[in-house]
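Dear colleague,

I am handing over the structure below, together with some notes on what was found in it. Please read the notes with the structure open beside you.

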Amino acid sequence: MYCLISVVIRDWSAVYDEAQSYKRRALQAATAAGVERPPVFRATKGLLLVVDWDGERVIGALELPKPTGFLLDEGRLRVALWEDDEIATLRNGVISERIRHPWFNHIHTLERTPRGLLVSSSGTDLLAEVDEHGELSWSFFMFEHGYDDRRFRFGSSFDRSLDYNRRYLPAALTTHPNSAIRVDDHTVLATLFSTGELVKIDSDRGHVEVIESGLKRPHSIRRRPGGGYMLSDTEAGRVLLLGPTFDIEQIVPVDVPWIQDAVFAGERLLVVGNRRIIMHSQAAGGHNYVLEVRGPEAP
């Protein structure tokens with residue numbers, strides 16, 4: 001089995017202290033427009049890896065400016081690049097196209113839809129669909145739909161005329177939507193990092209319904225093969241397997257500090273386990289890894 005793995009930052013410990021300093025500046029500012037990202041952060045790159053999982057070897061690597069979400073799309077590889085706040089299209093290892101929008105900031109995930117690409121732009125509290133040219137066909141700011149209280153200050157200073165690319169916007173300023181998928185033409189599911197929720201959005205009427213609450217910094221809502229959904233309850237150390245009507249069918253415990261992602265490859269559950277990456281400077285140590293979890297029932 002071959003896997004494609006994104007390594008967002010090669011050495012997080014090297015940028016941690018400076019990033020925390022800029023985070024404090026952004027949170028203490030009079031407006032919530034963020035600050036320019038720190039120089040050491042901008043200089044740090046990441047990797048896309050092709051891995052022979054069963055052979056336990058890396059068979060290919062490509063350095064990129066902080067790759068986050070990616071999508072194999074009709075022979076093309078789409079990759080969200082955190083550093084450039086854009087979606088790059090790769091052909092034969094070379095960037096051939098770029099999709100940009102001034103509202104993009106810290107893109108986490110990409111999904112193909114009939115209208116283009118569904119994007120979770122965590123820094124700007126935004127879910128959006130864009131076409132091949134970066135034109136928005138749908139946009140949904142969480143701060144305009146019930147998440148505009150004093151806890152999340154970004155919405156009070158957001159200006160549609162400004163460019164938010166390459167700004168440092170800490171998660172504490174927004175609900176930080178970090179994954180989204182379309183259920184159908186009228187419904188989107190999204191994980192909200194800051195509030196600990198899985199929400200269902202009526203994309204026509206703008207209504208938000210909380211499906212699961214009390215989650216600990218959730219990530220990565222995905223479809224399960226054969227029906228239903230799954231998500232990573234990140235700091236709770238578990239993967240939730242949901243049915244077609246969003247009821248929890250199974251809880252898979254994973255003994256890692258931080259579950260960034262989980263995906264089924266056939267009957268095998270692969271989990272991205274990270275060190276605990278917030279809280280304090282000691283969190284900068286430790287290891288990141290992908291592991292195969294034994295035991296969960298195949299969907």
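Of the 299 residues in the chain, 54% are buried, where buried means under 20% relative accessible area, exposed means over 50% and partly exposed lies in between, with a 1.4 Å probe and protein chains only. Please keep in mind that this is a predicted model, in which local features need pLDDT of at least 70 and side-chain atom pairs count only at pLDDT 80 or more, while totals for chains, interfaces and linings use all residues. Residues are numbered from 1 along each chain as its sequence is written, and side-chain values use heavy atoms, with hydrogens and water left out.

The chain has 3 helices and 24 strands, which are DSSP runs numbered from the N terminus (helices are H or I with at least four residues, strands are E with at least two). Its radius of gyration is 18 Å, close to the 19 Å that the globule rule gives for 299 residues, so the chain is as compact as a globular protein of that length; the radius is taken over C-alpha atoms, and the rule is 2.2 Å times the number of residues to the power 0.38.

Strand β14 (residues 177-184) runs antiparallel to β15 and is joined to it by 6 bridges, and two strands are said to pair if DSSP finds at least two bridges between them. These two strands form a hairpin with 2 residues between them, and Asp184 has Thr187 as its bridge partner. On β15 there are also 6 bridges to strand β16 (residues 197-202), again antiparallel, with Leu189 partnered by Lys200. In the hairpin of β15 and β16, which has 4 residues between the strands, Gly196 takes a positive phi near 70 degrees.

Another hairpin is formed by β20 and β21, with 5 residues between them, and Phe246 in its turn has a positive phi of about 75 degrees. Met230, found in strand β19 (residues 229-233), lies 9.1 Å from Phe246, C-alpha to C-alpha, although 16 residues separate them in sequence. Met230 counts as buried because its relative accessibility is 1%. Leaving aside neighbours within four places in sequence, the residues in contact with Met230 include Ile221, Val239 and Leu269, contact meaning heavy atoms within 4.5 Å.
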